[in-house]
Structures are given as structure tokens and as C-alpha cells.
Amino acid sequence: MPKGKDTALISWKEVPFGCYILEPGNSVGFKTGDWRSFRPVLDKEKCVKCGQCYIMCPDMTYTQDEEGYYIADLTYCKGCGICASVCPKGAITMVVEEV
Amino acid sequence: MLKEWAKFKGFSAKNLPKEEPFAPGHRACQGCGEVLALRLALKALGMNVIAISATGCMEIISSPFPYTSWRVPWLHVAFENAAAVASGVEAALRALKRKGRFPRNRRVDVVAFAGDGGTADIGLQALSGALERGHDFVYICLDNEAYMNTGVQRSGCTPYGAMTTTSPPGKKSIGQMTWKKNVPAIAAAHGIPYVATATPAFFLDLMNKVKKAALVEGPAYVHIYSPCPTGWGTKGEDSITLAKLAVETRIFPLYEVIEGKYYITRKITKPKPVEEYLKRQRRFRHLTEEEIRKIQARVDAEYERLLRLAECL
Ligand SMILES: Cc1ncc(C[n+]2csc(CCOP(=O)(O)OP(=O)(O)O)c2C)c(N)n1
Ligand code: SF4
Ligand code: SF4
Ligand code: SF4
Ligand SMILES: [Mg+2]
């Protein structure tokens with residue numbers, strides 16, 4: 001068993017006074033992508049750039065690239081499959097994540 | 001149409017706000033419909049808000065130390081008092097403006113979030129008091145139909161027949177034995193200027209209602225249906241499908257109550273059978289045909305009642 005200090009996210013010596021969190025939205029440092037067992041894969045041929053996937057993603061993973069396609073940031077994608085299920089063109093397929 | 005809405009053109013798929021007041025890296029389950037509802041509501045409100053949340057899933061998943069998903073000022077309070085704290089924040093803002101310590105014309109919206117447990121059960125009196133006092137704030141109930149944060153106990157908003165850990169089906173029980181408490185009607189009974197129901201499946205409708213609620217002078221209440229794969233025994237990918245089905249079967253009708261008058265915002269003329277909605281969820285798996293008929297009859301009657309309210313008032 002590793003000792004507590006090896007596994008803790010933050011040691012008590014670094015805890016800010018009053019346990020303040022000093023940076024708004026710093027959960028971006030917590031990568032939820034490793035929860036995923038399926039990964040959304042986009043077929044650009046079918047995509048009409050409607051943005052349904054972007055707005056329906058509970059993990060705010062989608063951003064638009066220069067060409068206007070919505071691309072999922074796999075750092076946070078939990079692989080829920082909502083984007084694939086709401087896409088009106090069937091442009092997103094969920095594929096098993098290979099380790 | 002209220003005068004406060006005169007300048008609001010409404011959101012459309014083309015002019016969605018870019019800001020995300022709620023950050024990724026939160027720990028909601030895969031496919032959580034409640035965090036999606038929260039995200040969309042905050043997106044509609046923008047960055048000039050002070051948010052208050054009652055304890056519940058959304059607090060737990062957004063703030064395990066040393067992280068926070070909130071990019072806007074946020075107060076986490078107890079299970080029962082989101083509306084009371086929001087009242088205090090709103091009163092303080094007014095006092096600061098009166099004393100000249102905060103720009104009078106600067107708009108800051110105060111929004112309280114609570115789950116269905118925090119709203120329909122333990123927080124009901126705090127909510128009622130705040131609505132009665134007429135504070136200028138928005139109260140948003142994120143309704144996933146049980147106490148999910150503590151492991152799926154029934155609440156006043158759990159629908160009839162649903163299995164939870166405290167309404168287990170068996171020989172002598174069909175699951176939840178009471179009908180869903182109609183909290184939007186309770187809010188409307190306070191005579192507040194704005195009440196609405198919404199679901200993430202119709203995201204523009206949701207965002208427009210939340211924005212209208214914020215623009216209204218005085219208290220506004222928005223009740224948002226929020227699918228919970230973990231508590232309902234559903235697939236994460238089905239959250240939006242279910243949220244749509246809930247509306248299309250008339251189980252969760254979308255409407256507004258503007259200064260006491262009911263308006264149905266999405267009329268369902270050819271409803272799907274409730275069975276289509278129920279059969280996709282483990283929490284309803286045990287229901288017999290007879291029970292499903294009973295639910296269908298209730299849904300029909302409730303929708304009739306709503307239609308009459310929308311026509312007569
Ligand atoms: C007075 C009090 N009783 C009980 C609790 C434990 N508790 C925390 S959250 C919660 C349930 C929350 O349910 P709900 O409001 O529906 O939110 P959800 O987790 O479903 O989003 C309970 C019972 C508490 N924090 N305070
Ligand atoms: S929902 Fe489908 S069609 Fe629309 S932008 Fe996303 S991938 Fe493209
Ligand atoms: S699978 Fe889920 S988390 Fe991943 S991008 Fe699609 S909607 Fe977002
Ligand atoms: S238990 Fe339900 S509401 Fe809570 S985070 Fe998980 S899916 Fe969302
Ligand atoms: Mg709940």
C-alpha cells in the first residue's frame with residue numbers, strides 16, 4: 001500500500017489558508033477522459049455542422065475547428081454516447097477505446 | 001409578453017452564447033442529464049451571475065477539493081436553504097446599490113439551484129418564503145426525481161410506481177406510492193410573475209425560459225426535468241431520448257405561467273403511449289399492465305387539466 005502522501009492530490013502543507021480554491025473553473029485540471037470505454041468518432045463526410053453534439057454534451061468537450069467542424073476534446077469525454085445519439089446525420093459512431 | 005423582455009430577441013442555434021460558466025472536469029456520471037441542464041441554464045445566464053446551490057449531486061460533482069467547476073461566484077449552502085440564501089444575496093446587492101457601493105446600473109442575476117429533494121421536500125418552506133417576499137431572483141429546480149446524491153431515495157417529485165431504495169417494489173408495494181408533487185403549480189400559486197417547465201432535450205426552449213426568468217423583475221421559478229442514468233437504470237446515451245419522450249408522452253409537459261396565465265409552449269397533439277417511456281427504464285421495470293394503464297389515465301387527466309388552465313385563464 002502506498003503511503004497517504006504518495007497518493008494524495010494535495011499535501012496538507014500546500015492547502016491554502018481557509019481551503020480556498022484560488023482559480024475559478026480549475027476542474028479543467030481534472031481529466032475525466034480516463035473514465036471512457038467508448039470514444040466518439042466523427043465522419044466529416046456526413047456532418048452538417050449543426051452543433052447538436054456540441055450543445056448536448058454534458059462534459060463541454062466540443063469546440064469548433066477552423067473549418068467549422070465540431071471536435072470532441074477527449075481529455076474530458078466520458079464516452080456517454082449522447083452526441084452520437086442526438087446527431088441528426090448519424091455522423092458520430094462510438095467505438096471501443098483501445099488501451 | 002412582459003416589458004422586461006422587450007429587448008430580448010431569444011437564443012437561436014446560430015447565436016448561442018460562447019461562454020461556459022461551468023467548466024469541464026466535473027465528476028457527474030456519464031450521460032448525466034442534470035449537469036447538462038445546469039450547463040445550459042448557466043450558458044443562458046452568462047457570466048454576470050451569483051449562483052447558490054443546495055447540496056445534492058450538482059454540488060458534489062462540481063467541487064471536490066481542490067477543484068471547482070464554477071467560473072462564476074458560487075455559494076454552496078445546506079440542503080434546505082438555497083432560496084433563503086439567494087434572498088439574502090439579493091437583499092445585500094440591493095443594499096450595496098442603495099449605499100452607492102455597487103454600480104446601480106450593473107446587472108447581476110441571482111440564481112438558486114436545488115434538486116427535487118431540495119425543492120419539493122426540505123427546501124419548500126424556504127422557497128415559499130422567498131417567493132412570498134418577492135425577491136428578484138431565479139430559482140431553478142433540477143428534477144431528477146429522487147435524492148440521487150445520497151443513493152436514490154424517493155422524494156416528493158418521484159413519479160408513481162418508480163423504484164427507489166426507499167420505495168422498493170415487492171409483494172406489498174408497487175414502488176413509489178404517491179403521485180409526483182406539482183411544484184411548478186405550487187410556485188405559481190404564490191402569484192409570482194414567471195414560472196416555467198423545461199428539459200435539456202429542447203435546449204433553446206430551456207435557455208430562453210431561463211433567460212426570461214432572469215430578466216423578469218421579481219421571483220421566477222423554472223422546473224427542469226433532468227434524466228439521471230444512475231438513479232433510473234437507464235443508458236447514458238438515452239438521456240436526451242428520454243427527455244424528449246417525457247414531453248412527447250405528455251408525462252412532462254412544457255409550459256409557462258406568465259403573471260398567472262398558463263401558456264403551453266409545446267403542444268402535443270398526438271401523444272405517444274406512456275409505456276414507451278416507462279419501458280426504457282429499470283426503475284419502472286416491475287410495473288404491470290394494469291399499473292401502466294393507471295399511469296396513462298393520470299397523465300391524460302393531468303394534461304386535460306393543463307389544457308383547461310391554458311384556455312380558461
Ligand atoms: C438536513 C440534511 N439532511 C440530509 C442531508 C443529506 N443529503 C445531501 S444531498 C441529499 C439529497 C439530494 O437530493 P436532491 O435535492 O434531489 O438532489 P440530487 O442529488 O438528486 O441532485 C441528502 C438527503 C443533508 N445534507 N442535510
Ligand atoms: S450533431 Fe452531427 S451533424 Fe451536427 S455538428 Fe455534430 S456531428 Fe455534425
Ligand atoms: S460521448 Fe458524451 S462526453 Fe463524449 S463527447 Fe459525446 S456527449 Fe460528450
Ligand atoms: S447520480 Fe444522476 S444526477 Fe447525480 S451525477 Fe450521476 S447521473 Fe447525474
Ligand atoms: Mg434529485
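Ligand 4 sits among B:Ala28, B:Cys29, B:Cys32, B:Glu34, B:Cys57, B:Asn144, B:Met148, B:Cys228, B:Pro229 and B:Thr230, where being near takes a heavy atom within 4 Å. This is a predicted model, in which local features need pLDDT of at least 70 and side-chain atom pairs count only at pLDDT 80 or more, while totals for chains, interfaces and linings use all residues. Residues are numbered from 1 along each chain as its sequence is written, chains are lettered from A and ligands numbered from 1 in the order in which they are written, and side-chain values use heavy atoms, with hydrogens and water left out.

- Sorted by class, the ligand 4 shell has seven nonpolar, two polar and one charged residues; here Ala, Val, Leu, Ile, Met, Phe, Trp, Tyr, Cys and Pro count as nonpolar, Asp, Glu, Lys and Arg as charged, and the others, Gly among them, as polar.
- B:Asp116 (OD), B:Asn144 (OD1) and B:Ala146 (O) coordinate the magnesium ion (ligand 5) at 2.0 to 2.1 Å. Donors are N, O and S atoms within 2.8 Å of the metal (3.2 Å for Na, K and Ca), and water is not among the atoms, so sites may look incomplete.
- Along the chain, these donors follow the spacing D-x27-N-x1-A. B:Asp116 in helix H4 (residues 116-121) and B:Ala146 in the loop between strand S4 (138-143) and strand S5 (169-170) are 30 residues apart; helices (H or I, at least four residues) and strands (E, at least two) are DSSP runs, numbered from the N terminus.
- B:Asp116 counts as buried because its relative accessibility is 1%. The cut-offs are under 20% relative accessible area for buried, over 50% for exposed, and partly exposed in between (1.4 Å probe, protein chains only).

**Salt bridges in chain B**

- The structure holds 19 salt bridges over all chains, each a side-chain nitrogen of Lys or Arg within 4 Å of a carboxyl oxygen of Asp or Glu.
- B:Lys180 and B:Glu145 pair up at 2.8 Å, N to O. B:Lys180 is in the loop between S6 and H6 and B:Glu145 in the loop between S4 and S5, so this pair ties together parts 35 residues apart in sequence.
- B:Glu145 is buried at 4% relative accessibility, whereas B:Lys180 is partly exposed at 26%.
- B:Asp143, B:Glu145, B:Lys180 and B:Arg283 form a network of salt bridges.

**Where chains A and B meet**

- Chain A brings 33 residues to the contact and chain B 34 residues, counting heavy atoms within 4.5 Å.
- The two chains bury about 2900 Å² between them, 66% of it on carbon and sulfur atoms; that is accessible area (1.4 Å probe) lost on being put together, summed over both.
- Zero salt bridges are counted between chain A and chain B.
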